[in-house]
Amino acid sequence: MAFAKLKALLRKAAARSIPELWDAVAVAIDRFHPKECENLFAHAGYDA
């Protein structure tokens with residue numbers, strides 16, 4: 001689920017070079033809120 005969100009954000013950014021891609025990844029990661037990350041890990045079976 002997290003990877004799908006990351007892919008969607010990267011597609012939307014439409015980076016066309018490696019430096020642009022890394023910048024887009026940094027921006028995309030900031031879009032994941034701590035509680036959302038906690039829920040994703042819990043859904044994957046990891047204890048918080």
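Guide: Let's start just after helix α1, where Ala14 takes a positive phi of about 55°. Helices here, like strands, are DSSP runs (H or I, at least four residues, for helices; E, at least two, for strands), numbered from the N terminus. Ala14 sits in the loop between α1 and α2, and its phi is a positive value in a residue other than glycine. As for cover, Ala14 is partly exposed, with a relative accessible area of 35%; buried would be under 20%, exposed over 50%, and partly exposed is what lies in between, with a 1.4 Å probe and protein chains only.

A word on where this comes from: it's a predicted model, in which local features need pLDDT of at least 70 and side-chain atom pairs count only at pLDDT 80 or more, while totals for chains, interfaces and linings use all residues. Residues are numbered from 1 along each chain as its sequence is written, and side-chain values use heavy atoms, with hydrogens and water left out.

α1 has 12 residues and reaches 17 Å from its first C-alpha to its last, close to the 16 Å expected at 1.5 Å a residue (the expected span being 1.5 Å times one less than the number of residues). Lys5 is found in this helix. Its side chain meets that of Glu36 in a salt bridge, 2.9 Å from N to O; the term asks for a side-chain nitrogen of Lys or Arg within 4 Å of a carboxyl oxygen of Asp or Glu. Lys5 lies in α1 (residues 2-13) and Glu36 in α3 (residues 34-43), so this pair ties together parts that are 31 residues apart in sequence. Both ends are partly exposed: Lys5 has a relative accessible area of 26%, Glu36 one of 23%. Lys5 also has Phe32 at 9.0 Å, C-alpha to C-alpha, although 27 residues separate the two in sequence.

The structure holds 2 salt bridges, and the other pair to look at is Lys35 with Glu38, at 3.5 Å from N to O. Both of these residues lie in helix α3, 3 residues apart, about one turn of the helix. Lys35 counts as exposed at 51% relative accessibility, whereas Glu38, at 38%, is partly exposed.

Together with Ile18 and Leu21, Trp22 makes a nonpolar surface patch of about 340 Å². Patches take residues with over 30% relative accessible area and no salt bridge, joining like charges within 9 Å and nonpolar side chains (Val, Leu, Ile, Met, Phe, Trp, Tyr) within 5 Å. Trp22 itself counts as exposed, at 58%.

Zooming out, the chain has 3 helices and 0 strands, in the pattern α-α-α. Its C-alpha atoms fill a box of roughly 35 × 15 × 15 Å along the principal axes. Of the 48 residues, 10% count as buried. The chain exposes about 4,100 Å², with carbon and sulfur atoms supplying 63% of it; those areas come from the Shrake-Rupley method with a 1.4 Å probe, and for residues only the protein chains shown count as cover.
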